[in-house]
Amino acid sequence: LLSYNIFFGKKVDQILDWLTTRKLPDIICFQEFPVKFLDDFQRLFEVYEYNCCFTSATINKKGIYGELTAFNTRKLHLISNETINLGESKLEKVVYRHMARKTALLTKFDKLTVINVHLGTLVLNKKRLDQLETVVSHLPNHQKPSIIVGDYNYSNLTGLNRLVKFMQRFGFERAKNSKRTQHFISLFPQQIDHLFYKDLAVKKLEVLNIKLSDHFPLLASLLV
């Protein structure tokens with residue numbers, strides 16, 4: 001599984017070129033994917049027998065952006081997908097001058113459920129935990145195994161213990177990686193992208209040194 005916030009798709013062509021010149025992950029979760037590239041993405045990945053689900057979130061003068069989850073149809077059978085509305089940030093709307101609705105994309109497969117999230121930017125961590133509680137509420141108790149992955153905007157600089165303990169209440173554990181830098185265009189390099197999992201094993205989690213966004217991509221090897 002690959003998770004990558006692609007910074008409003010500013011280098012989406014280069015990112016897709018990079019992806020298609022390597023072994024493709026069975027699941028790809030993009031945040032801030034531009035809707036104007038959606039048709040091109042689908043045409044490109046049909047060759048590899050991939051399908052995708054998309055939900056829109058941020059709208060600004062340059063376009064519409066959201067979460068995209070693509071998957072290998074030879075290995076995963078799509079059961080359903082659902083948009084989870086996480087609300088708007090009034091402060092983000094004022095500062096960035098765009099409609100800043102946050103969403104999560106819940107995709108149910110025959111083998112597992114993947115929730116691709118992008119939590120609030122200019123909000124307190126308490127608000128992010130409230131958004132996560134909304135996300136988890138869409139998972140029925142019997143639904144397993146499950147992954148919640150993406151841009152949490154929950155920095156290791158403010159302490160992750162509260163986030164980890166919160167997710168453990170719902171049976172989720174955080175996949176760990178020793179490399180701390182994930183979001184590197186900031187005063188202090190930090191981790192804000194996370195993968196939480198339940199009823200499966202994460203064999204390996206890597207932070208790839210690919211500088212095509214303001215985030216580095218996460219690559220996880222899963223055993224379901």
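**Helices, faces and buried residues**

Analyst: Let us begin with a pair of helices: Lys126, Leu129, Leu132, Glu133 and Val136 in α4 meet Arg162, Leu163, Phe166 and Met167 in α5. Contact here means heavy atoms within 4.5 Å. Helices (H or I, at least four residues) and strands (E, at least two) are DSSP runs, numbered from the N terminus. This is a predicted model, in which local features need pLDDT of at least 70 and side-chain atom pairs count only at pLDDT 80 or more, while totals for chains, interfaces and linings use all residues. Residues are numbered from 1 along each chain as its sequence is written, and side-chain values use heavy atoms, with hydrogens and water left out.

User: How do I describe the way two helices pack?

Analyst: Two packed helices are described by the angle between their axes and the distance between the axes. Axes are lines fitted to C-alpha atoms, for helices over the stretch in contact, and angles run from 0 to 180 degrees between N-to-C directions. In this model, the axes of α4 (residues 125-137) and α5 come within 11 Å and cross at roughly 20°. The two helices α4 and α5 are therefore roughly parallel; angles under 35 degrees count as roughly parallel, over 145 as roughly antiparallel, 65 to 115 as roughly perpendicular and the rest as oblique.

User: Is the crossing of α4 and α5 left-handed or right-handed?

Analyst: Right-handed. A crossing is left-handed if the near helix is turned anticlockwise from the far one by less than a right angle, and right-handed if clockwise.

User: Let me try another pair. At what angle do the axes of α1 and α2 cross?

Analyst: They cross at roughly 15°, and the axes of α1 and α2 (residues 38-46) come within 12 Å. That makes α1 and α2 roughly parallel to each other, and α1 passes α2 in a right-handed crossing. Leu16, Leu19 and Thr20 of α1 make the contact with Phe41, Leu44 and Phe45 of α2. By residue type, this contact has five nonpolar, one polar and no charged.

User: How can a helix have a buried side?

Analyst: An α-helix has 3.6 residues a turn, so residues three or four places apart point the same way. In α2, Leu38, Phe41 and Phe45 are buried. Seen down the axis of α2, these buried residues fall within an arc of 60°, so they line one face of the helix. The arc is that of the directions from the helix axis to the C-beta atoms. On the face turned away from the buried side, α2 carries the exposed residues Arg43 and Glu46.

User: What covers the buried residues of α2?

Analyst: The cover includes α1, β2, β3 (50-60) and β4 (63-72). For α1, the buried residues are Val12, Ile15, Leu16, Trp18 and Leu19. They fall within an arc of 160° seen down the axis of α1, so they line one face of that helix too. Their cover includes β1, β2 and α2.

User: Which residues does Ile28 contact beyond its sequence neighbours?

Analyst: Ile28 is found in strand β2 (residues 27-34) and counts as buried at 0% relative accessibility. Leaving aside neighbours within four places in sequence, Ile28 is in contact with Leu2, Leu19, Phe45, Tyr50, Leu68, Thr69 and Ala70.

Key. Buried < 20%, exposed > 50% of the residue type's maximum accessible area, 1.4 Å probe, protein only. Nonpolar A, V, L, I, M, F, W, Y, C, P; charged D, E, K, R; others polar.
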